[in-house]
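Subject: Structure handover

Hello,

Here is the structure for your set.

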Amino acid sequence: MKKDIRIDPVENVFVAIVWEYNTIYKTNDWVAYLSNEKNVDLEMVLITSKGFDGERKTSEMRHKIAVLPALSAARIELLQKEVLELDNSFKVTFFENNKLFEKNFLLKKNTAKEAKVRMIPSLQKKGILLQ
């Protein structure tokens, strides 16, 4: 039965770690976004994220987006400084035209640095694009 399940590769969907100004606390923070650069909506988007490094690990966070419209993005979560000291995995699962897709995105530990940010055209924000 498992051999009959086929999950096609994901294209034009990305996780971005954005260096963003927080107007409430007047600080710059790292925030994870999911970007849909397809011309179709993504439905029932499920995202699980966790940090890990040897024996240390964070709780697994779960996020749901009912519909992520074509050519848009959604904020996933704030990434605290301590979490960025770990490898961070973002597992994204969604339906596109009633077909299931899944992809893992990995942010390596200590790679979220202000010096590495670049403009991400689809978000119009500066950050690091995970592919």
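Strands here are DSSP runs of E, at least two residues long, numbered from the N terminus. By that count H63 lies in strand β5, which covers residues 61-68. Please keep in mind that this is a predicted model.

Histidine and its partner

H63 counts as buried because its relative accessibility is 18% and the cut-off for buried is under 20%. The side chain of H63 makes a polar contact with the side chain of E77, at 2.6 Å. E77 is also one of the residues that line the largest pocket.

The largest pocket

The largest pocket holds about 160 Å³ of space. Its lining consists of S49, K50, G51, T58, S59, M61, E77, L78, L79, Q80, V83 and N88. Two strands, β3 (42-53) and β6 (72-79), each contribute at least two residues to this lining. By residue type, the lining of the largest pocket has six polar, four nonpolar and two charged members.

Aromatic pairs

A pair of aromatic rings is described by how far apart the centres are and by the angle of the planes. There are two aromatic pairs in the structure. One is formed by W19 and W30, with 4.7 Å centre to centre and 50 degrees between the planes, and is tilted. This pair links distant parts of the chain: W19 belongs to strand β1 (residues 13-22) and W30 to strand β2 (residues 27-36), and the two are 11 residues apart.

Are the two tryptophans buried or partly exposed? W30 is buried, at 7% relative accessibility, whereas W19 is partly exposed, with a relative accessible area of 24%.

F94 and F101 form an aromatic pair that is stacked, with the centres 5.5 Å apart and 10 degrees between the planes. It counts as stacked because the cut-off is under 30 degrees. F94 is buried at a relative accessible area of 1%, and F101 is buried at 9% relative accessibility.

What sits over the ring of F101? The charged end of K38 does, 5.8 Å from the centre of that ring. F101 therefore has K38 over its ring while it counts as buried at 9% relative accessibility.

Regards

Note on methods: Residues numbered from 1 in each chain as written. Predicted model: local features only at pLDDT ≥ 70, side-chain atom pairs only at ≥ 80, totals over all residues. Heavy atoms only, no water. Phe/Tyr/Trp six-rings, centres within 6.5 Å; stacked < 30°, edge-to-face > 60°. Helix = DSSP H or I, 4+ residues; strand = E, 2+ residues; numbered from the N terminus. Buried < 20%, exposed > 50% of the residue type's maximum accessible area, 1.4 Å probe, protein only. Lys NZ or Arg CZ within 6 Å of the ring centre and 35° of its normal. 1 Å grid on protein atoms, 1.4 Å probe; cavity = no way out; pocket = protein on both sides within 12 Å on 5 of 7 lines; lining within 4 Å. Points joined across faces, edges and corners; volume = space filled by probe spheres on them. Nonpolar A, V, L, I, M, F, W, Y, C, P; charged D, E, K, R; others polar. Polar contact = N/O pair within 3.5 Å; in protein donor to acceptor, adjacent residues only side chain to side chain.
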